[in-house]
Amino acid sequence: MNTLAQRSPSQTHRTLTSDDIEALAVGAWILGTGGGGDPYQKLLNMRLLYEAGRQVTLMDPLMLDDNALVAVLSNMGAPLVGQERLSDPEFALKPLRMMEEYLGRKFDAVMALEIGGGNGVHPMMVAALTGYPVVDADTMGRAYPEAQMTSVAVAGLRCYPLTMADIRDNEVIIPRAASWRWMERISRKACTEIGSVAATCKAPRSGAEVKQHGVLYSVSKAISLGTNVLKARAEHSDPIEAVLSSTKGMRLFDGKVVDIERRTTEGFLRGQTRIEGLDGFAGKELLVHFQNEFSVAYLDGEPIVMTPDLICLLDTVSGDGIGTDALRFGQRVSVLALPAPAVFLSEKGIAAVGPRAFGFDLEFKSVFEESNT
């Protein structure tokens, strides 16, 4: 991992090119593990913003002053609804302006709540409009569906205030909540009432909190991952192998989607998909469960991978991430596991995002732990 000490001053703030943004969208979609929203619409917005002369600066998190104020931004809701309500930079900006008015001060920078899916690109739109730098960090290192499933929640940091806006003229401020789980319950209910999708500005973080408890350099990781996938496509080499070599991941299964059960409930997209094995996996079947993101997979009835390991379903040919909202019968997919950020492998981390947090009575066991034994 790069650190400030290893970087030249010019690299501590760097202007992202349009190619960086394209690669970010590809990498974030893979790290989304099926959720975080399809980044395509936000990528289209970023192309327009760059064509209009806007740019985004990526900031080394270790350059943050301890007292700096960082806005934590995301789109909240069910991924399926995101296909119907198109992405809009001005809509993404509203909760940040609401939070600045509520706090009575301006932010110094913005960052993503999660680097996975469209939410990895989401703060780029706000940064392009405001000129605020984007911190090279997030609070998940991937995408997760609930408020208590972040590195800052695992650390026990304050969960409030929160601002939320929809595409109409509705604005919500939650000034205080008793816990992260209560913040999740209250904000999810409000999100559901306004259509199961909303732009949010989560509890602001200080520079010291980001440096100590953020998942650092996750934006650079997503850009690097996306760049390697795009390079593999251009060279007609295997993009799946490019993902594996970029992430130290593991190929678990190749197959064809033969069934999907999917429902939007309580602001989430829940369900499961069955994948019939192909090639070296012929005769086997993988069942993958999801709550916005993929959570647990069973091979012929036995659990083989579970969160917090990242479970990624990718298009076998292109290496593109496949969202839980975009699963279709007949898709050829490769199922990969990627290593989880260290914070989620702690006892508190597993309690927050392990299989039991998603309703599975399973003791967490990493596929990478098994491969090392």
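The following legends describe close-up views of one predicted model.

Local features are reported at pLDDT of at least 70 and side-chain atom pairs at pLDDT 80 or more, whereas totals for chains, interfaces and linings use all residues. Residues are numbered from 1 along each chain as its sequence is written, and side-chain values use heavy atoms, without hydrogens and water.

View 1. An unreviewed UniProt entry places the feature "domain: S-Me-THD-like C-terminal" at residues 179-367. UniProt positions follow the numbering used here, feature names are shortened, and annotations may be inferred rather than shown by experiment. Over residues 179-367, the chain is 29% helix and 37% strand, and the end C-alpha atoms are 32 Å apart. Helices (H or I, at least four residues) and strands (E, at least two) are DSSP runs, numbered from the N terminus.

**View 2. An open sheet of seven strands.** The strands follow the order S15-S14-S13-S12-S11-S17-S16, and their pairing is antiparallel. Two strands count as paired if DSSP finds at least two bridges between them. Strand S15 (302-306) and strand S16 (310-315) stand at the edges with a single partner strand each, so one side of each has no neighbour in the sheet. On average, neighbouring strands of this sheet are turned by 35° against each other, direction ignored. Within the sheet, strand S12 (residues 268-277) runs antiparallel to strand S13 (residues 285-291), and seven bridges join them. Thr273 has Val288 in S13 as its bridge partner.

**View 3. Helix H11 on the sheet.** Helix H11 (residues 239-247) packs on the sheet and touches strand S11 (250-265), S16 and strand S17 (332-338). Contact means heavy atoms within 4.5 Å. The direction of H11 makes about 5° with that of S17. Axes are lines fitted to C-alpha atoms, for helices over the stretch in contact, and angles run from 0 to 180 degrees between N-to-C directions.

**View 4. The pair H10 and H11.** Helix H10 (residues 218-234) packs with H11 at an angle of about 150°, and their axes are 8 Å apart. The two helices are therefore roughly antiparallel; angles under 35 degrees count as roughly parallel, over 145 as roughly antiparallel, 65 to 115 as roughly perpendicular and the rest as oblique. H10 passes H11 in a right-handed crossing, the near helix being turned clockwise from the far one by less than a right angle. H10 contributes Leu225, Asn228, Val229 and Ala232 to the contact, and H11 contributes Pro239, Ala242, Val243, Ser246 and Thr247. These residues comprise six nonpolar, three polar and no charged. Ala, Val, Leu, Ile, Met, Phe, Trp, Tyr, Cys and Pro count as nonpolar, Asp, Glu, Lys and Arg as charged, and the others, Gly among them, as polar.

**View 5. The pair H2 and H10.** The axes of H2 and H10 are 6 Å apart, at an angle of about 100°, which makes H2 roughly perpendicular to H10. Among the contact residues are Ala23, Leu24, Gly27 and Ile30 of H2 and Ala222, Leu225, Gly226 and Val229 of H10. The contact divides into 12 nonpolar, three polar and four charged residues.

**View 6. The pair H5 and H6.** Helix H5 (residues 89-103) and helix H6 (residues 122-130) pack at about 80°, with axes 9 Å apart, so H5 is roughly perpendicular to H6. Pro89, Leu93 and Arg97 of H5 take part in the contact, as do His122, Met125 and Leu129 of H6, among others. Seven nonpolar, two polar and two charged residues make up this contact.

View 7. The peptide bond from Tyr160 to Pro161 is cis, with omega near 0°, and Pro161 belongs to the loop between helix H7 (151-154) and strand S7 (162-165). A cis peptide bond also leads from Thr307 to Pro308, with omega near 20°; Pro308 is found in the loop between S15 and S16. Thr33, a residue other than glycine, has a positive phi near 50° and is found in the loop between helix H2 (18-31) and helix H3 (40-51).
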